[in-house]
Amino acid sequence: MRNKPLRMAFAAVLLSVGAVATSAQAMKVGYVNIEQILRESDAAKAAQARLEGEFGRRSKDLEEQDNKVRAAAEALQKQIASLSEDERSRRSHEIADAKLELDRQVADFQSQLDRRRREETTALTDRVERLIKQMGENEHYDLILQENITFYSANADITKKVIDALNAQKSQK
């Protein structure tokens with residue numbers, strides 16, 4: 001007797017899966033790889049160029065400072081035997097202070113870069129999502145999926161189409 005309710009529930013599940021499968025065949029479904037769009041679109045490349053323009057010089061300056069601190073530390077190691085205790089201590093403190101200051105500047109730089117990167121990514125993602133919604137409505141998609149899809153056919157992948165539409169938007173603006 002206990003098996004009868006279980007069999008009925010299983011039959012109901014099978015029937016509902018069959019009904020979903022039948023209706024899903026008539027659906028127009030698309031898949032979008034957002035990460036690919038955020039890498040390959042002209043808008044993504046323009047955002048990257050803006051970030052490089054904003055932060056490139058400062059990155060090079062920090063790299064130069066790092067090289068100077070390293071060179072000073074290497075020079076101290078080479079000369080350590082010929083220096084007095086006071087001179088060794090003074091130069092060691094100067095290098096340590098320079099390293100601490102550099103570490104602070106690098107952390108500040110990284111924080112500002114991360115913030116700006118998030119701003120650019122958020123703005124672009126918002127644009128892409130509006131575009132996907134518009135494409136879904138204009139082209140009569142029933143469902144457009146993104147991320148964490150176990151399987152999709154190449155026919156469902158509209159990522160390139162979205163990239164092309166996004167690139168076309170750029171040239172129109």
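The legends below describe close-up views of a predicted model.

Residues are numbered from 1 along each chain as its sequence is written, and side-chain values use heavy atoms, with hydrogens and water left out. Because the model is predicted, local features need pLDDT of at least 70 and side-chain atom pairs count only at pLDDT 80 or more, whereas totals for chains, interfaces and linings use all residues.

**View 1. Overall fold of the protein chain.** The secondary structure comes to five helices and two strands, where helices (H or I, at least four residues) and strands (E, at least two) are DSSP runs numbered from the N terminus. Read along the sequence, these elements follow the pattern α-β-α-α-α-β-α. Of the 173 residues in the protein chain, 23% are buried, a term that means under 20% relative accessible area, with exposed over 50% and partly exposed in between (1.4 Å probe, protein chains only).

**View 2. Helix α3 and its bend.** Helix α3, residues 42-79, has 38 residues and reaches 53 Å from its first C-alpha to its last, close to the 56 Å expected, the expected span being 1.5 Å times one less than the number of residues. At Phe-55 the helix α3 bends by about 50°, as given by the angle between axes fitted to the seven residues ending there and the seven starting there. Phe-55 is also one of the buried residues of α3, which include Ala-43, Leu-51, Asp-66 and Leu-76.

**View 3. The largest pocket.** About 170 Å³ of space lies in this pocket, the volume being the space filled by probe spheres set on grid points joined across faces, edges and corners. On a 1 Å grid over the protein atoms alone, a pocket is an open set of points where a 1.4 Å probe fits, with protein on both sides within 12 Å along at least five of seven lines, and lining residues have an atom within 4 Å of a point. Among the lining residues are Leu-38, Arg-39, Gln-48, Arg-117 and Glu-120. The largest share of the lining, five residues, comes from α3.

**View 4. The largest nonpolar core.** Of its 15 residues, Val-32, Ile-37, Val-128, Val-162 and Leu-166 touch the most other members; such a core is a set of buried Ala, Val, Leu, Ile, Met, Phe, Trp, Tyr and Cys residues joined through side-chain atoms within 4.5 Å. Helix α4 gives the most to this core, with five residues.

View 5. His-140 lies in the loop between α4 and β2 (143-146), and its phi is near 60°, a positive value in a residue other than glycine. His-140 counts as exposed because its relative accessibility is 63%.
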